[in-house]
Amino acid sequence: MKSILTVISFVFLFSCSGNSVDNQNCRFLLDIGVNLNIDLSLPQYSQLTFAGNSVYIANAGNAGIIVASTGADFYAWDASDPNHTPNSCSALVPNGLFGTCGCDDDNTYNFVTGTSEGNTGLKCALKNYRVEKNGNVLLIRS
């Protein structure tokens with residue numbers, strides 16, 4: 001019985017350690033606390049009431065926050081490209097449910113999955129934030 005527990009412990013230990021090695025390059029973004037309330041009845045957020053749209057919110061997260069709507073769900077992502085050190089070109093420019101950074105490599109991300117589109121060599125997915133809907137208000141939290 002003791003040997004079975006030892007084997008199980010080693011399996012958990014080694015399976016978890018592999019993930020940290022793969023994500024060593026995904027440390028460009030800071031863990032910044034986010035606590036936003038978005039009132040969907042305000043004109044600047046009215047696009048979110050329609051499926052397939054996204055809105056950029058400045059002065060939150062690393063380079064702003066992008067909130068996207070699929071019609072059924074809402075997603076919130078940090079607007080900084082996680083595959084770049086933050087700089088003048090690394091902020092994502094939203095276009096519907098996709099966003100592209102302004103750097104020469106034109107990294108493009110999907111705002112539903114948070115993963116890159118087209119460039120399979122990118123190791124880091126977008127940093128996401130929790131979204132809860134309470135009436136007509138979206139609560140976005142880190």
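Trp-77 counts as buried, at 6% relative accessibility; buried means under 20% relative accessible area, exposed over 50%, and partly exposed in between (1.4 Å probe, protein chains only). The model is predicted: local features need pLDDT of at least 70, side-chain atom pairs count only at pLDDT 80 or more, and totals for chains, interfaces and linings use all residues. Residues are numbered from 1 along each chain as its sequence is written, and side-chain values use heavy atoms, with hydrogens and water left out.

Trp-77 sits in strand β4 (residues 74-78). Strands (E, at least two residues) and helices (H or I, at least four) are DSSP runs, numbered from the N terminus. Contacts of Trp-77 (heavy atoms within 4.5 Å), not counting residues up to four places away in sequence, include Ile-65, Phe-111, Leu-126, Lys-127 and Tyr-129. The C-alpha atoms of Trp-77 and Lys-127 are separated by 5.6 Å, although the two residues are 50 apart along the chain. A polar atom of the Trp-77 side chain lies 2.6 Å from the backbone oxygen of Phe-111.

Strand β4 belongs to an open sheet of six strands. Their order is β1-β9-β8-β4-β3-β2, with antiparallel pairing; two strands pair if DSSP finds at least two bridges between them. The edge strands, β1 (35-39) and β2 (53-57), each pair on one side only. Strands β8 (residues 128-134) and β9 (residues 137-141) run antiparallel and are joined by five bridges. Lys-133 stands opposite Leu-138 in β9.

The structure also holds two disulfides, each a pair of cysteine sulfur atoms within 2.5 Å. One is formed by Cys-26 and Cys-124, with sulfur atoms 2.1 Å apart. Its S-S torsion is about -100 degrees, so this disulfide is left-handed. Cys-26 lies in the loop between α1 (2-22) and β1, and Cys-124 in the loop between β7 (108-110) and β8, so the pair ties together parts 98 residues apart in sequence. Cys-26 is partly exposed at 29% relative accessibility, whereas Cys-124 is buried at 5%.

The other disulfide joins Cys-89 to Cys-103 (S to S 2.0 Å). Its torsion is about 85 degrees, so it is right-handed. Cys-89 lies in the loop between β4 and β5 (92-95), and Cys-103 in the loop between β6 (98-101) and β7, 14 residues apart. Cys-89 is partly exposed at 23%; Cys-103 is buried at 6%. Cys-101 is in no disulfide, and the nearest cysteine sulfur, that of Cys-103, is 4.2 Å away. Cys-101 is buried, at 3% relative accessibility.

How values were computed. A polar contact is a pair of N or O atoms within 3.5 Å; within protein, one must be able to donate a hydrogen and the other to accept it, and residues adjacent in sequence count only if both atoms are side-chain atoms.
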